[in-house]
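Let's walk through this structure together, with an eye on its aromatic side chains. Have a look at the rings as you go.

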Amino acid sequence: MAVESILSSPLGPPACEKDAKALQFVEEMTRNADSVQENVLAQILTRNAETEYLKGFNLNGATDRETFKSKIPMVTYEDLQPLIQRIADGDRSPILSSQPVSEFLTSSGTSAGERKLMPTIKEELDRRQLLYSLLMPVMNLYVKGLDKGKGLYFLFIKSETETPGGLVARPVLTSYYKSEHFKTRPHDPYNVYTSPNEAILCPDSFQSMYTQMLCGLYQREQVLRVGAVFASGLLRAIRFLQLNWHQLADDIRTGSLNPKVTDPSVRECMTRMMSKPDPELADFIARECSEENWEGIITRIWPNTKYLDVIVTGAMAQYIPTLDYYSGGLPKACTMYASSECYFGLNLNPMCKPSEVSYTIMPNMAYFEFLPHEPNSTRDSPARRLVDLADVEIGKEYELVITTYAGLCRYRVGDILRVTGFHNSAPQFQFIRRKNVLLSIDSDKTDEAELQAAVENASRLLRESNTSVVEYTSYADTKTIPGHYVIYWELLGKDSGESPSGRVLDRCCLAMEESLNSVYRQCRVADNSIGPLEIRVVRNGTFEELMDYAISRGASINQYKVPRCVSFTPIMELLDSRVVSTHFSPSLPRWTPERRR
């Protein structure tokens with residue numbers, strides 16, 4: 001029942017008193033965005049005034065914006081890396097933050113092929129938890145009755161390492177799921193999961209996915225929403241069901257758990273759920289899953305599902321057609337915008353179309369500035385041109401720059417955002433893309449320089465047959481589950497009678513994978529979220545045809561450059577019609593959780 005009499009909200013009638021307070025908080029923060037930002041910056045500068053980093057710029061205790069902007073430079077990860085490495089190596093002096101660094105959050109972005117290490121402090125967990133606590137009160141405005149059922153969410157932890165100085169380094173969601181904030185969260189009828197904590201926290205990805213899927217099948221009638229962090233993760237779960245439904249149905253039929261699930265805590269909690277055989281449910285699953293047509297499988301198995309909760313913005317937009325196929329076109333809710341560096345904001349209209357998703361920046365999370373994005377500019381804009389949160393202009397694009405409580409100052413996140421409007425005085429942004437990212441399937445991000453280096457390394461294997469790579473391009477193939485990188489090669493052989501064998505070209509695929517960054521290799525080896533890399537050899541002259549096509553569409557012959565990534569359908573069709581052979585990586589690339597030194 002709505003509680004308009006308790007606390008009304010301009011966003012709509014809250015579902016309960018707790019929601020009303022959360023919505024009121026959103027209103028307070030966004031109504032006074034500029035003054036909140038001013039206070040946040042003053043707090044950060046006061047707290048970290050004695051850090052080695054800030055002392056180096058002679059702020060002399062100043063906490064005002066003008067002094068901050070005139071003295072503190074805009075930086076990238078590479079600028080801070082020597083300081084971060086000292087913290088990782090065990091230096092406990094206040095280098096970036098006055099508070100002790102509690103752990104490192106590993107970014108999906110990379111530097112020199114390794115995940116970036118983002119130092120964080122304990123209180124950041126409270127800040128993240130605060131943003132999480134706002135999501136369901138907003139969702140309840142749009143979808144009623146979510147307290148009458150559960151959410152089937154496929155959530156996983158990833159591997160973690162220890163730095164030389166003894167601090168743990170792990171992805172931000174692994175940090176959150178392992179925290180007491182998550183493990184001992186109070187019961188909330190609007191936010192109940194089908195998956196027990198034991199399944200989510202199981203480090204073995206097969207056992208975790210298997211038991212989460214099994215729990216979702218047992219509770220199929222209670223499921224009101226289905227989700228994962230990324231769209232690719234939800235599709236991976238569907239693929240897992242395709243491959244394992246026989247065993248899952250058998251477990252349900254017999255009331256006994258697959259012996260491949262060996263984790264003691266998982267087996268113990270599943271024993272309580274699998275109290276007796278359920279042949280009727282097993283027959284239903286077998287009947288649905290044995291059908292050749294899997295269109296609408298989500299709503300066939302979980303008939304009460306109201307929406308999918310997945311990120312489908314940025315690189316994840318490529319999965320929308322496949323999600324529509326499996327869900328029968330269910331709404332897709334993108335609820336929040338966050339990264340390892342900082343949690344930024346939330347979507348106040350979560351049931352909008354994916355193409356219309358905009359995130360409202362919460363001004364209490366960090367101090368935000370925006371670098372006007374000029375795609376054709378040949379040099380970086382000076383820091384003095386940074387725009388404050390309240391001063392951005394609708395329709396313009398910006399690169400996000402943050403100053404955080406954990407000690408990042410004027411740090412370039414690398415996200416390109418477009419202003420779509422305002423909620424009160426807080427701007428709303430559409431996520432456009434990650435700067436410089438060429439290929440992405442899951443959490444991987446491969447830029448042009450990495451791809452070029454990988455092609456160069458792999459092409460060395462062609463020397464024995466006097467062959468070289470004349471031209472290449474690529475695309476992220478998401479028609480398969482999991483998706484995979486496809487690289488088109490046009491080859492030139494110096495000896496007409498000698499060309500590289502299929503086995504050599506297979507090895508070229510693996511050599512490329514070995515050359516890609518650690519996030520890509522982890523997705524391949526540990527997460528199984530990316531399939532084997534594929535090289536498609538095209539016939540000679542194909543890239544000239546590509547240029548002719550571009551020129552016929554108005555491109556300048558003087559300025560034409562081969563695109564290193566393609567997605568335009570006519571170009572894809574042209575390339576695929578010229579393929580003479582296809583090759584796949586024959587094995588997994590090398591990957592270990594330990595960082596290269």
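Arginine 127 lies over the face of tyrosine 405, 3.8 Å from the ring centre; a charge sits over a ring if NZ of Lys or CZ of Arg is within 6 Å of the ring centre and within 35 degrees of the ring normal. The charged end of arginine 185 sits over the ring of phenylalanine 182, at 4.1 Å from its centre.

A word on the source: this is a predicted model, where local features need pLDDT of at least 70, side-chain atom pairs count only at pLDDT 80 or more, and totals for chains, interfaces and linings use all residues. Residues are numbered from 1 along each chain as its sequence is written, and side-chain values use heavy atoms, leaving out hydrogens and water.

Now to ring against ring. Rings of Phe, Tyr and Trp (its six-membered ring) pair if their centres lie within 6.5 Å; planes under 30 degrees apart count as stacked, over 60 as edge-to-face and the rest as tilted. The count by this rule is 21 aromatic pairs. In one of them, tyrosine 132 and tyrosine 343 have ring centres 5.6 Å apart and planes at 85 degrees, so the pair is edge-to-face. Phe182, Tyr132 and Tyr343 are among the members of one aromatic cluster.

The rings of tyrosine 485 and tyrosine 520 have centres 4.9 Å apart and planes at 45 degrees, so this pair is tilted. Tyrosine 485 is buried (under 20% relative accessible area; exposed is over 50%, partly exposed in between, with a 1.4 Å probe and protein chains only), at 0%. Tyrosine 520 is buried at 0% as well.
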